[in-house]
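Have the 3D view open as you read.

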Amino acid sequence: MHFEFSEEQLMIRQAARDFAQTELKPGVIERDEHQKFPAEQVKKMGELGFLGMMVPTEYGGSGMDAISYVLVMEELSKIDASASVVVSVNNSLVCYGLEKYGSEEQKQKYLVPLASGQKIGAFCLSEPEAGSDATSQHTTAVDMGDHYLLNGTKNWITNGGTASTYLVIAQTDPSKKHHGINALIVEKGMPGFTVGPKENKLGIRGSDTHSLMFTDVKVPKENRIGEDGFGFKFAMKTLEGGRIGIAAQALGIASGAYELALEYSKQRKAFGKTISDLQAIQFKLADMATQIEAARLLCLKAAWLKDHDQPYAQASSMAKLYASEVAMRTTIEAVQIHGGYGFVKEYHVERLMRDAKITQIYEGTSEIQRIVISREVLK
Ligand code: CAA
């Protein structure tokens, strides 16, 4: 066991750090305020290879490991979690799912443009009545011989408006329950597919979240991923990796807020000294630093297991559970350390606090992570 990053990992982390400072930081407050999708920045992240990081180069990706992905996600999320969620969803839920389970034709047609950043993807599992209870799919994909007829509504879909390729989970045979669910590749523009209005959110306001409506959408049979009835397993397997991405996002939100609080505490004066000389502040910083380091190690462990083809469902759920709770606690403390300044937008920490909340909810709430972990430990 060793705790050193390779040259390549350090280089990609530095590239993400530089990109976050020079390209994401300017305008991040305005994008949050006006719910503006970081379109230009996402395009540049595609050019840097951040949108298909773990996809082999022959399919348009960067051929990197999951450790590098965690490093990039942390750096981007320190500055702009609205931009980093695009990276997370595109990499772990869409590209990974297609690369691992898609047919060669699906990879050539859909994965190559997604991994190279020419197109963006969305993962469509949640529904008005199927969030945590994901087996309870109401969207239907009726088998019509050479195509499926897709009907239903998906909710809270990240990249909902900007994506071109959507992986849609739908029920084909209700009598088989979750064994009757399929995952279908749906293209924007297919007749009967409409995108609802953008959600007005508490946090990650720059990210593009929509509901999607499908009315008699004809999806060709060749767009089904895997065997008939594989859709629910497909969703669960892709979410295992997705949770590493969101864990790293939460880690970045936490470490971004911590770095701001640390800097501020060394400058702000009160009672005749800098506030970093006060034990009340020192103890907060000590707790933040310790918890962030623990969250980072959990993220890296999950990524390492994935890179080494070892089971990582429990590790990714632990990383997501812990890192998201650390993100919430740390950002609240960062606002507290900033006092009144923390409550206004210019100091960034209030946005990070709002952004932290979603990491306890999406890609499986903290309660769902506890279900996954407890089932594993009780096996
Ligand atoms: N890998 C493979 N198969 C898995 C699996 C995994 N990790 N987890 C479950 N399964 C399989 C089970 O083996 C079972 O199949 P069999 O009957 O063949 O054995 C099937 O899936 C159903 O599993 P359960 O019986 O455990 O189902 P459950 O209803 O009790 O619980 C759950 C499942 C884990 C709670 C699941 O519903 C879940 O993960 N819910 C949360 C969903 C979620 O994370 N949504 C996030 C939306 S995506 C998002 O947020 C993206 C974004 O935009 C950022």
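Buried, in this report, means under 20% relative accessible area, exposed means over 50%, and partly exposed is anything in between. Keep in mind that this is a predicted model.

At 14% relative accessibility, His348 falls under the 20% cut-off and so counts as buried. You'll find His348 in the loop between H9 and H10. What makes His348 worth a look is its backbone: phi is positive, about 70 degrees, even though His348 isn't a glycine.

Trp156 does something along those lines, with a positive phi near 55 degrees in a residue other than glycine. Trp156 sits in strand S3 (residues 147-158), and its 48% relative accessibility makes Trp156 partly exposed.

**Around the ligand**

Which residues come closest to the ligand? They are Thr158, His178, His179, Glu240 and Arg375, out of 24 residues that surround the ligand.

| Side chain | Distance from its N or O atom to a ligand oxygen |
|---|---|
| Arg375 | 2.5 Å |
| His178 | 2.7 Å |
| Lys233 | 3.2 Å |

On its own, the ligand has 1,100 Å² of accessible area, and the protein covers 75% of that.

**Salt bridges**

How many salt bridges does a search of the whole structure find? The count is 20.

One of them pairs Glu187 with Lys109, side chain to side chain, at 3.5 Å from N to O. Glu187 belongs to strand S5 (residues 181-187) and Lys109 to helix H6 (residues 104-115), so this bridge ties together parts that are 78 residues apart in sequence. Glu187 itself is partly exposed, at 25% relative accessible area.

Glu325 and Arg370 make another, with their closest N and O atoms 3.4 Å apart. Here the link runs between two helices: Glu325 is in H9 (residues 313-338) and Arg370 is in H11 (residues 366-378), so parts 45 residues apart in sequence are tied together. Arg370 is partly exposed, with a relative accessible area of 41%.

Then there's a local one. Glu350 and Arg354 meet at 2.9 Å, N to O. These two are 4 residues apart in helix H10 (residues 349-358), which means about one helical turn separates them. Are Glu350 and Arg354 buried or exposed? Both are buried.

Helix H4 (residues 66-79) holds Glu74, which is buried at 5% relative accessible area.

Over in helix H1 you'll find Ile12. Ile12 is buried too, with 10% relative accessible area. Its C-alpha is 8.9 Å from that of Tyr69, although Ile12 and Tyr69 are 57 residues apart in sequence.

**Cysteines**

How many disulfides are there? The count comes to 0. As a reminder, a disulfide is a covalent bond between the sulfur atoms of two cysteines. Take Cys95: the closest cysteine sulfur belongs to Cys124 and is 14 Å away, too far for a bond when the cut-off is 2.5 Å. Looking from the other end, Cys124 has Cys95 as its closest cysteine by sulfur position, again at 14 Å and too far for a bond. Cys95 is buried, with a relative accessible area of 0%, and Cys124 counts as buried at 0% as well.

**Out on the surface**

Finally, turn the model to find Met1, which comes in the segment before helix H1 (7-24). At 94% relative accessibility, Met1 is exposed. Met1 teams up with Phe3 and Leu297 in a nonpolar surface patch, and together they have about 440 Å² of accessible area.

Definitions and conventions:
Residues are numbered from 1 along each chain as its sequence is written. This is a predicted model: local features need pLDDT of at least 70, side-chain atom pairs count only at pLDDT 80 or more; totals for chains, interfaces and linings use all residues. Side-chain values use heavy atoms; hydrogens and water are left out. Patches are made of residues with over 30% relative accessible area and no salt bridge: like charges are joined within 9 Å, nonpolar side chains (Val, Leu, Ile, Met, Phe, Trp, Tyr) within 5 Å. Accessible areas come from the Shrake-Rupley method with a 1.4 Å probe; for residues, only the protein chains shown count as cover. A salt bridge is a side-chain nitrogen of Lys or Arg within 4 Å of a carboxyl oxygen of Asp or Glu. Buried means under 20% relative accessible area, exposed over 50%, partly exposed in between (1.4 Å probe, protein chains only). A residue is near a molecule or strand if one of its heavy atoms lies within 4 Å of it. A polar contact is a pair of N or O atoms within 3.5 Å; within protein, one must be able to donate a hydrogen and the other to accept it, and residues adjacent in sequence count only if both atoms are side-chain atoms.
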